[in-house]
Amino acid sequence: MTSPSSKPLLATLKGERQSVPPIWLMRQAGRYLPEYRALREEKGGFLALAMDSDAAAEITLQPIRRFGMDGAILFSDILIVPMALGQDLWFETGEGPRLAPTVQARNVLDALQPNAEALEPVYGTVRRVAALLPPQTTFLGFAGSPWTVATYMIAGQGSREQAEARRLAYRDPELMQALVTRIADCTIEYLLGQIEAGVEAVQLFDSWSGSLSPAQFEQWVIAPTARIVAALHQRAPGVPVIGFPKGAGGKLPAYARETGVDAIGVDETVDPVWAHASLTANLPVQGNLDPLALIAGGPTLESAVDRILLAFSERPHIFNLGHGILPDTPIAHVEQLLARVRSGK
Ligand code: CP3
């Protein structure tokens, strides 16, 4: 058995500050890597890749082999949950995800029921990765948060300012509540399935939490997240939960206090000095380099990195981007980033 302290990322999530912060990058497996593009080509697309346990395990491991990241994130997608609920999911090349039928009426939601079988390939990926991961690497599972997943289920695709979902929440709050509850229940079982198969911590991606007014944020982001966190803490004690409410800004301290997450992800629009001063002392923080500063590279990248390291030097900190790595990121800049973070400056 490997003790937690031999896994710096897991130890940090449990509240132990490291002198050199552990690092992983959101979307670290993906299109900026030639080895990812080659395998995606071979398998015929993203979804085929994600549903093929051997291929998805290989892709999960690619950034670990290439860079020695401290965390490996399961290769899958947040839209696997709607798929497991029976919505059709496909990806339009060059555009993004599509879901049908859209959840705009009660009868559509009533027809969406969880099918645990659909999630089996993901658990297969987890078991394969768990068997192959270096002992110092922490294995992260994930799911989307109910609000963010709901925005795709309602609009059938990515949407500007999540207007369709926000309209539905005002027009028919009961339907919205039923949808969010259906997603949350499925997400709890899905994350427990990932944990049982071998992930050591999980992250909830709430990419679109930033478009909600404060009262709506309480209702659609904080409340369902708190329910998921409580269920996981009860049924998988000791497994840390990272909450990432992208765009939450000034609502971050309330999110951290009220959801009970074990660590909080902070996006690049948040001043790290403010975040350190405003968030509960010793709460592990993850973030928050601008993905565009990584593309810029050079001294611009180094000063941005140093500013973040300094701001979070007194608390448990996991270095990450403020959002996913972009496909046109030069690999040499990722190497420069790792060297800077690990130089102990
Ligand atoms: O972080 C990782 O490396 C793990 C894998 C992962 C993917 N998607 C793989 C993926 C994770 C954690 C996600 C999360 C995800 N998926 C989110 C939340 C985080 C975020 O970025 O805001 C959202 C909103 C989605 C939904 C989604 N999936 C969209 C909107 C798209 C199309 C846009 C895009 O970036 O291409 C995807 C496709 C997707 N998911 C790709 C990858 C690697 C690209 C597929 C490809 O073309 O190869």
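What share of the contacts in the chain between residues at least 6 apart in sequence join residues at least 24 apart?

Figure 1. The share is 74%; contact means heavy atoms within 4.5 Å. Buried residues account for 57% of the 345 residues. Buried is under 20% relative accessible area, exposed over 50%, and partly exposed in between (1.4 Å probe, protein chains only). This is a predicted model: local features need pLDDT of at least 70, side-chain atom pairs count only at pLDDT 80 or more, and totals for chains, interfaces and linings use all residues. Residues are numbered from 1 along each chain as its sequence is written, and side-chain values use heavy atoms, without hydrogens and water.

**Figure 2. Overall fold of the chain.** The chain holds 16 helices and 9 strands. Helices (H or I, at least four residues) and strands (E, at least two) are DSSP runs, numbered from the N terminus. The radius of gyration, taken over C-alpha atoms, is 19 Å, close to the 20 Å of the globule rule for 345 residues, so the chain is as compact as a globular protein of that length. That rule is 2.2 Å times the number of residues to the power 0.38. The C-alpha trace spans about 55 × 45 × 40 Å along its principal axes.

**Figure 3. Helix α15, residues 298-311.** Its 14 residues should span 20 Å at 1.5 Å a residue; the expected span is 1.5 Å times one less than the number of residues. The end C-alpha atoms lie 21 Å apart, which agrees.

**Figure 4. Packing of α15.** Leu301, Val305, Ile308, Leu309 and Ala311 are buried. The buried residues of α15 pack against helices α13 (272-278), α14 (291-296) and α16 (331-342), and against strands β8 (285-289) and β9 (317-321).
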